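These are my notebook entries on a structure I looked through step by step. I wrote down what I looked up and what I found each time.

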Amino acid sequence: MSWGTELWDQFDNLEKHTQWGIDILEKYIKFVKERTEIELSYAKQLRNLSKKYQPKKNSKEEEEYKYTSCKAFISTLNEMNDYAGQHEVISENMTSHIIGDLARYIQELKQERKSNFHDGRKAQQHIETCWKQLESSKRRFERDCKEADRAQQYFEKMDADINVTKADVEKARQQAQIRHQMAEDSKADYSSILQKFNHEQHEYYHTHIPNIFQKIQEMEERRIVKIGESMKTYAEVDRQVIPIIGKCLDGIVKAAESIDQKNDSQLVIEAYKSGFEPPGDIEFEDYTQPMKRTVSDNSLSNSRGEGKPELKFGGKSKGKLWPFIKKNKLSLKLGATPEDFSNLPPEQRRKKLQQKVDELNKEIQKEMDQRDAITKMKDVYLKNPQMGDPASLDHKLAEVSQTIEKLRLETQKFEAWLAEVEGRLPARSEQARRQSGLYDSQNPPTVNNCAQDRESPDGSYTEEQSQESEVKVLATDFDDEFDDEEPLPAIGTCKALYTFEGQNEGTISVVEGETLYVIEEDKGDGWTRIRRNEDEEGYVPTSYVEVYLDKNAKGAKTYI
């Protein structure tokens with residue numbers, strides 16, 4: 001089965017058929033290209049869908065995703081993100097292994113087809129030229145034969161005419177001979193050209209055209225094989241990602257199986273547990289008892305005396321079965337949230353305070369890392385002055401130190417509140433009062449509310465002292481510390497490295513470069529007690545002063 005022998009006369013149809021084959025190949029390339037675009041679009045939509053339902057950072061929604069069912073949903077979103085990635089892989093592999101390969105092949109195919117049909121047309125033109133030569137020699141032979149026949153007839157006519165001279169007859173005879181010779185020459189030429197044409201025609205139909213058509217047939221068969229291989233690759237590209245897609249789906253199933261309803265129920269308890277005990281039974285309030293008439297006045301007075309506590313208890317308990325619920329609603333309505341979270345139930349308050357302490361510790365660590373980095377940079381500048389001025393970093397270092405001290409004060413303030421909630425710290429120490437003095441001076445009502453709003457499990461208040469007595473206790477504690485004690489002797493001097501605004505209770509303001517007396521060293525809390533004169537003394541951050549102790553004191557010079 002060969003196109004060269006079977007389709008020797010179908011040159012034009014073969015040309016159309018091979019062009020149709022190229023069109024089919026280009027159509028398949030277009031199909032695969034559109035498939036890759038669909039895969040990319042699908043992957044993009046899956047990624048956007050996964051991103052849309054991801055919880056936002058630092059939001060209430062993120063806190064809700066601590067439940068196992070929500071974690072499973074997050075895992076599902078992550079697996080869908082990976083699932084989308086596999087569709088991107090499909091698109092990339094189809095683009096490189098099919099579209100790119102076929103695009104290069106189709107260019108080569110067009111060049112090969114063009115070359116083969118160019119050779120075919122060249123062979124056609126050659127045989128057509130030979131045919132024209134044959135036709136030309138044939139017509140010439142025919143013409144010369146007719147001319148020779150006419151010349152022979154004219155000679156015979158002249159030779160038979162007695163009136164014609166012998167010279168005319170001889171002339172006619174010579175002319176007839178010339179025409180006859182020309183006819184013989186044309187005959188020989190025609191015969192030669194005919195033989196040549198027959199040879200060329202035989203070569204054309206039995207050698208040239210079969211060879212050319214055989215090449216075209218092989219080219220077309222390679223095209224068919226190529227499109228088949230591309231279709232296999234098309235399927236293999238999908239097949240290669242099936243295991244990974246299966247793993248994604250297995251991950252979703254695994255996440256679904258990890259859902260623990262008991263654990264989620266426990267998390268609900270931890271999230272909303274108030275720490276209160278359910279209210280007890282309400283005692284019967286006997287309003288008829290004072291109306292009873294008895295013979296003895298003592299009996300009447302005793303009845304009234306016994307009735308008073310009941311009335312007091314009843315009046316106190318009335319409307320306070322769930323006081324913390326009413327208080328929370330009021331706080332939400334007013335939009336006021338105390339800094340110590342005293343508006344929350346004990347358990348929730350403890351969690352909020354612990355969370356705040358953790359956040360402050362992270363901020364302190366961040367600032368300390370920054371301080372260490374600045375210190376290292378300053379050391380580099382000291383060793384290599386050409387790189388920078390070390391003094392230019394002092395201001396930044398002081399700012400970072402101030403920030404660290406403020407954060408430490410804030411942390412210790414929340415730790416004190418946390419300790420009170422957990423029952424570890426019944427009363428605030430001198431150091432805690434000193435370090436949280438800024439808050440005490442700016443927000444005294446919040447501190448008082450922290451004490452006054454504390455409620456017992458049955459809904460009544462556990463502390464009865466008034467706001468005035470609370471303020472009085474806070475004031476007298478600190479006043480006694482300085483006013484009632486004997487003045488401490490100076491143990492050295494110090495020089496202020498930076499200006500410090502002592503706005504908190506128990507602190508003292510200093511100006512950069514000022515020299516003062518040291519009356520108490522830093523005991524590890526970051527504060528040094530100093531005195532300016534007999535009436536002015538207080539605490540300053542140790543990092544703000546350069547301390548010089550007396551010879552009898554431990555250490556001659558201290559840098560913090």
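I began with the term that my entries on accessibility rest on: a residue is called buried under 20% relative accessible area, exposed over 50%, and partly exposed in between. I also noted at the start that this is a predicted model.

I looked up C145 and found a relative accessibility of 30%, so I wrote it down as partly exposed. I then searched the whole structure for disulfides and the search returned 0.

**Entry on confidence.** I read the mean pLDDT of the chain as 78, with 78% of its residues reaching 70 or more. Going through the elements of the chain, I found the highest mean pLDDT, 94, in helix α2 (residues 11-52), and the lowest, 37, in helix α13 (residues 444-452). Over residues 293-335 the pLDDT stays under 50, and the model has 33 contacts beyond four places in sequence for this stretch. Residues 424-484 also have pLDDT below 50, and that stretch has 99 contacts in the model beyond near neighbours in sequence. I reminded myself that where pLDDT is low, the predicted coordinates should not be read in detail.

**Entry on strands.** Which strands pair with β2 in the antiparallel sense? I found that strand β1 (residues 492-496) pairs with β2 (residues 515-520) over 4 bridges, and that β2 pairs with strand β3 (residues 527-531) over 3 bridges. I followed Y517 through both pairings: Y517 in β2 is the bridge partner of T493, and R531 in β3 is the bridge partner of Y517. Between β2 and β3 I counted a hairpin with 6 residues between the strands, where G524 in the turn has a positive phi of about 100 degrees.

**Entry on aromatic rings.** My search of the whole structure gave 13 aromatic pairs. One of them joins Y204 and Y205, with 4.7 Å from centre to centre and 85 degrees between the planes, and is edge-to-face. Are these two residues buried or partly exposed? Y204 has 6% relative accessibility and counts as buried, whereas Y205, at 30%, is partly exposed.

I next looked at Y498 and Y544, whose ring centres are 5.7 Å apart and whose planes stand at 80 degrees, so this pair is edge-to-face. The pair links distant parts of the chain, since Y498 lies in the loop between β1 and β2 and Y544 in the loop between β4 (537-541) and β5 (545-549), 46 residues apart. Y498 is partly exposed at 25% relative accessibility, whereas Y544 is buried at 4%. I also noted that ring pairs link Y498, F500, W527 and Y544 into a cluster.

Turning to a charge and a ring, I found the charged end of K226 over the ring of Y105, at 5.7 Å from its centre.

**Entry on E359.** How far apart are E359 and T411 in sequence and in space? They are 52 residues apart in sequence, and their C-alpha atoms are 9.1 Å apart in space.

Definitions and conventions
Residues numbered from 1 in each chain as written. Predicted model: local features only at pLDDT ≥ 70, side-chain atom pairs only at ≥ 80, totals over all residues. Heavy atoms only, no water. Pairing = 2+ DSSP bridges. Helix = DSSP H or I, 4+ residues; strand = E, 2+ residues; numbered from the N terminus. Disulfide = S-S within 2.5 Å. Buried < 20%, exposed > 50% of the residue type's maximum accessible area, 1.4 Å probe, protein only. Phe/Tyr/Trp six-rings, centres within 6.5 Å; stacked < 30°, edge-to-face > 60°. Lys NZ or Arg CZ within 6 Å of the ring centre and 35° of its normal. pLDDT = per-residue confidence, 0-100. Contact = heavy atoms within 4.5 Å.
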